[in-house]
Amino acid sequence: MDTRIPVDRQVMVGFLRFYMEADGTMSKTGNILHGDSARTNYKIWSVLGNRKKGKTNGRIRSNQEGALPLRPRQFLRNDNVNTLHSINNNDDSEDSFHRAISPILWWAQIFGLLPLSGISANLPSSLKFKKISFRTIYAVIVAFSISIMAVLSIIHMIRTLNADSFGVRGGVAEATAGAIFYGNGLCGTIMYLWLSPRWVILQNDWKAMERFIDSNKYQRPRLRWKFIIISSAILLFALFEHALSVANNSTKFEWGTPNSTFANFLQVYTIKSHNFILESVDYSFAIGIYIFIVSKIATFVWNFTDLFVMLISTGLAERYKTLNKRLFVTAKKNANTIDWCEFRNDYALLSSLVKKVDNDISPIILLSFANNLYFICLQLLNGLSGPEAGDILSNLYFFSSFAFLILRTCAVTLLTARINDQSKTVLPLLYSCSSSTYNIETQRLQYQLTTDDISLTGLRFFSITRNFMLALAGAIVTYEVVLLQFNVAINK
């Protein structure tokens, strides 16, 4: 009697044995990311978890040239990400995302945003969010102060916004601009307060990604100077634009006279720029100081929201760019030596981090684009409704403010769209891969990059790609035509 096990049973036994071994490895490894993205991408982390140093489970990757052993790489979890030794010895490098963005976040904390301790530390393990702390209390006070201005602005909008507002040049702006501006500031401060505990987890996840990918001795992207250049350009233009706004709203102030005191300047500026607030409260020096400070905080929140999205998008896009460069260089030298499984796992890790980032900051992205869209339409309406008698300073402020708003919105869109662009860059290389180097891992990477929609979104209402800029321009033109037609109909 033949006691040999049939071939199909041998295959089944081997499969079950491999599954049990892999399952045991997965249970010891854990996930690299916390939150929903870790559960969503559990299979990705399970595969990556098997790549622990010295534990390959006897598995091999094969190509057309023969068997290629699985090169051991150290898998990192959040609980040991700051204790394990890095191959590149650059854990506290100034080009790590945490250290590159920390100076900008430090300035944001002055205005009550992201109340976290450990912002300036070398490693994200020092980041902490406490519900009861000076930073948190200060952030709540800032949000409460802006909320008062927002409520008074909404009361003014309810009183003045009607059909006649569209028939007067600047009528819509006078009725709604304050409510939108301070509403944006209030929503922004609340969103950054909501983001604070999630930012701690996100930064540890980001550090885990950096250590895992850098274990391949990839050259880390130079983020520090890119962040300095982007931040300096945005904040300096914003400071110039706001200085013109202050000057434009204080033209009635008489310089060089006995009455040219700060108290008189503050009164002239407040009455001209925030007359809608003074409809509900009487002016006093204390009220003027309060309005002056809160308006500056709300202005910073508006500009910082766009800058924050730009910096995060640049950090992710540069990681994709570095990985793409490494793959192209390796393919140019010798395509037969490409470890496709290694690259596929790195791309999968970056893809999952993008989804994690999108899950945390998508409300801020939606707020950024909604606010910019409103003010672009509003300023276009004012510019196209007809000429307005004014001095050179008023015209200079109008065109400077509008140009800066357009450029900033384009910068946010293009820098964020780079994530989607860079994630598809290597597809031509995969399509032209020769038969001698094409294997199952190449096919899986090609399918992964083709089908996975890698981009940041505005609360999943829209994905930010290059095509989105055309859609945004079309929406602006459509809204502008409607507003102009309504304006003309009322004038007749």
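Reader: Let's start with Lys355. Is Lys355 buried, partly exposed or exposed?
Author: This is a predicted model, to be clear. Lys355 has 30% relative accessibility, so Lys355 counts as partly exposed.

Reader: Which residue meets the side chain of Lys355 in a salt bridge?
Author: Asp452 does, at 2.8 Å from N to O. The pair links distant parts of the chain. Lys355 is in helix α10, Asp452 in the loop between α13 and α14, and 97 residues separate them.

Reader: And Asp452, buried or exposed?
Author: Buried, because its relative accessible area is 18% and the cut-off for buried is under 20%.

Reader: How many salt bridges does the structure hold?
Author: Nine. One of them joins Asp214 and Arg220, with the closest N and O atoms 2.4 Å apart. Asp214 counts as buried at 1% relative accessibility. Arg220 is buried as well, at 6%.

Reader: Which residues are linked with Asp214 in a network of salt bridges?
Author: Arg220 and Arg319.

Reader: What does Arg408 form a salt bridge with?
Author: Asp306, with 2.7 Å between the closest N and O atoms. Arg408 lies in helix α11 (residues 392-423) and Asp306 in helix α9 (residues 285-333), so the pair ties together parts 102 residues apart in sequence. Asp306 is buried, with a relative accessible area of 0%. Arg408 counts as buried too, at 3% relative accessibility.

Reader: Which ring does Arg408 lie over?
Author: Trp302. Arg408 lies over the face of Trp302, 4.7 Å from the ring centre. Elsewhere, the charged end of Arg224 sits over the ring of Trp225, at 5.3 Å from its centre.

Reader: Switching to aromatics. How many aromatic pairs are there?
Author: The structure holds 27. Among them is Phe369 with Phe462, an edge-to-face pair with 5.8 Å centre to centre and 80 degrees between the planes.

Reader: Why does that pair tie together separate parts of the sequence?
Author: Because Phe369 lies in helix α10 (residues 340-384) and Phe462 in the loop between α13 (440-451) and α14 (466-491), 93 residues apart in sequence. Both Phe369 and Phe462 are buried.

Reader: How are the rings of Phe369 and Phe468 placed?
Author: Their centres are 5.3 Å apart and their planes at 85 degrees, so this pair is edge-to-face. Phe468 lies in helix α14, so the pair with Phe369 in helix α10 ties together parts that are 99 residues apart in sequence. Phe468 counts as buried, at 12% relative accessibility.

Reader: Last one. Which residues form one aromatic cluster with Trp206?
Author: Phe97, Phe111, Tyr192, Trp199, Phe227, Phe300, Phe304 and Phe308.

Technical notes:
Residues numbered from 1 in each chain as written. Predicted model: local features only at pLDDT ≥ 70, side-chain atom pairs only at ≥ 80, totals over all residues. Heavy atoms only, no water. Phe/Tyr/Trp six-rings, centres within 6.5 Å; stacked < 30°, edge-to-face > 60°. Helix = DSSP H or I, 4+ residues; strand = E, 2+ residues; numbered from the N terminus. Buried < 20%, exposed > 50% of the residue type's maximum accessible area, 1.4 Å probe, protein only. Lys NZ or Arg CZ within 6 Å of the ring centre and 35° of its normal. Salt bridge = Lys/Arg side-chain N within 4 Å of Asp/Glu carboxyl O.
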